[in-house]
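Have a look at the model below, then work through the exercises one at a time.

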Amino acid sequence: PECREKTKVFENILDTKRMEKLSHQGEAKEFDKNSFCILTVGRLHPQKGYELAVETMEELKKKNYPIKWYIMGEGPLRKNLEELICEKGLKEEMILLGAKKNPYPYFLNCDLYVHATRFEGKSIALSEAKALGAPLVVSNVSGNRQQVKDGENGLICALSKEELSRSIIRLYEDEALRKKMGDTNKSQSVFGGKEDLSLLLDLVKDE
């Protein structure tokens, strides 16, 4: 209790001005401009539910939607994912981008950001997607609910290929809703301004 006045909670700090600047430096060259481009960013790890993303993409392909899903990140599941993608016949639709030095042009130019994880804290990647104005589809776990209000700045759905594909199709077919959600995300304040940083420094500086 004696530390109560010296204790505060701080969110992850994002340099949104730098992100915005970098988002216009370079391009998302792998994106197919004739397709609806989905982006997911995160390490290739069981937590992230990528095998379910592959199954969802399989459903979308069966329904003949011109969608391509790009996954950015590296991790221990790369080989398994490559094999699963080949097994499902999705080499043209599901693209593993690997790690990128500047990921922000991809956030800026994607049509939809999907974050379908099994569990999550407050995801930095999801915050970055919001800051750069991407509409969102996320799984119904606590960290995602912290950042997304269903129907306002994204869609929250159950972690199943049926619910994921339904949410993706809804936003694919409703351009006005995508734009509204993206604009809402970009207008929301993100922790990381000079005032926020000064509060943190005041807390740790010598008295």
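**Exercise 1.** Which residue forms a salt bridge with Glu 30, and how far apart are the closest N and O atoms?

*Solution.* Start with the rule: a salt bridge is a side-chain nitrogen of Lys or Arg within 4 Å of a carboxyl oxygen of Asp or Glu. The partner is Lys 100, with the closest N and O atoms 2.7 Å apart. Helices (H or I, at least four residues) and strands (E, at least two) are DSSP runs, numbered from the N terminus.

A quick note on the model: it's predicted, so local features need pLDDT of at least 70 and side-chain atom pairs pLDDT 80 or more, while totals for chains, interfaces and linings use all residues. Residues are numbered from 1 along each chain as its sequence is written, and side-chain values use heavy atoms, leaving out hydrogens and water.

**Exercise 2.** Is Lys 62 buried or exposed?

*Solution.* Check the cut-offs: buried is under 20% relative accessible area, exposed over 50%, partly exposed in between (1.4 Å probe, protein chains only). Lys 62 has 57%, so it counts as exposed. By contrast, Glu 30 at 28% is partly exposed.

**Exercise 3.** Where do Arg 78 and Glu 82 lie?

*Solution.* Both are in helix α3 (residues 78-87), four residues apart, about one turn of the helix.
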